[in-house]
Amino acid sequence: MIPLAEHPERNVIRLELRRNVILQSLEGELRDELEPHLSIVDARKGDFLVRQGVREMAQYFILDGILKRVVSNPAGKEMILRFAGPNDMETSYAAWRLHTPTPYGIVCVNKARVARLPMQEWVDFLERHTEAKQSFEYNVMRVMSEIMAHTITLHLLDAPGRVQRFVRKHPELVDLLPQKQLASHLNLSAETLSRLRHSGKI
């Protein structure tokens, strides 16, 4: 991790942060207040930013690459709850508020760059700025609602329907995701996903 102020690409990163779904509405002085708390993490494919079951939590703003939120059972079977790409965020905020361990892991699908700050510092910032807190909590609820809707559609929609819904909801991610990862998220085999694409059903 490198503090943002010391990063050789800090000026480009500052511009990227202004496009983030959470930070874009912040006034300049609020971004200036937050900046000393931010560190830049360059992670590799497969790196865990957060492991399921830990209590050390952080807030992440995605600059490049794709992250996935996953839950795993003791046998190692994995379920992908969501993907998040550039200008999006990932968080363990709900677990922090509930004083529980993280119920999921956050993993890099590919090479990724994120801005990170400890959850306590992010919560302290939100407590000082009511509008930022309301906007952030709205986004947390939106993400949770999307995950619930996705889980329901795994049971209610057939394979083409699941793929079509994902394409409709996340067109910006479709061509960036490895087919195997997308298939896993949709509870399909990579072969089934490939067959649907080649048959023109999606």
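Guide: Two strands pair if DSSP finds at least two bridges between them. Helices (H or I, at least four residues) and strands (E, at least two) are themselves DSSP runs, numbered from the N terminus. The model before us is predicted, so local features need pLDDT of at least 70 and side-chain atom pairs count only at pLDDT 80 or more, whereas totals for chains, interfaces and linings use all residues. Residues are numbered from 1 along each chain as its sequence is written, and side-chain values use heavy atoms, with hydrogens and water left out.

Visitor: How do you know that β1 and β2 are joined?

Guide: Strand β1 (residues 2-3) is linked to β2 by 2 bridges; at least two are required, so the strands pair. They run antiparallel, and Ile2 stands opposite Ile40 in β2.

Visitor: In which sense do β2 and β9 pair?

Guide: Strand β9 (residues 112-118) pairs with β2 in the antiparallel sense, over 5 bridges. Ala43 has Ala112 of β9 as its bridge partner.

Visitor: What makes strand β2 mostly covered?

Guide: Of the 5 residues of β2 (residues 39-43), 4 are buried, a term that means under 20% relative accessible area, with exposed over 50% and partly exposed in between (1.4 Å probe, protein chains only).

Visitor: Which strands stand at the edges of the open sheet, and why?

Guide: The sheet has 4 strands in the order β3-β8-β5-β6, with antiparallel pairing. Its edges are β3 (48-50) and β6 (78-84): each has a single partner strand, so one side of each lacks a neighbour in the sheet. On average, neighbouring strands of this sheet are turned by 30 degrees against each other, direction ignored; axes are lines fitted to C-alpha atoms, for helices over the stretch in contact, and angles run from 0 to 180 degrees between N-to-C directions. Between β3 and strand β8 (residues 105-108) there are 2 bridges, and Val50 is partnered by Ile106.

Visitor: What does helix α5 touch when it packs on the sheet?

Guide: Helix α5 (residues 130-156) touches β5 (67-72) and β6, and its direction makes about 135 degrees with that of β6. Val143 lies in this helix. Apart from neighbours within four places in sequence, Val143 is in contact with Arg69 and Arg82, where contact means heavy atoms within 4.5 Å.

Visitor: Why is Val143 called buried?

Guide: The relative accessible area of Val143 is 3%; the limit is under 20%, so the residue is buried.

Visitor: What makes Phe61 and Trp122 an aromatic pair that is edge-to-face?

Guide: The whole structure holds 5 aromatic pairs. In this one, the centres are 5.4 Å apart and the planes make 80 degrees. Rings of Phe, Tyr and Trp (its six-membered ring) pair if their centres lie within 6.5 Å, and planes under 30 degrees apart count as stacked, over 60 as edge-to-face and the rest as tilted. Phe61 lies in strand β4 (residues 58-64) and Trp122 in helix α4 (residues 119-128), so the pair ties together parts 61 residues apart in sequence.

Visitor: Why is the pair of Trp122 and Phe125 called stacked?

Guide: The angle between their planes is 15 degrees, at 5.6 Å centre to centre; planes under 30 degrees apart count as stacked, and therefore the name applies. Both residues lie in helix α4, 3 residues apart. Phe61, Tyr93, Trp122, Phe125 and Phe136 form one aromatic cluster.
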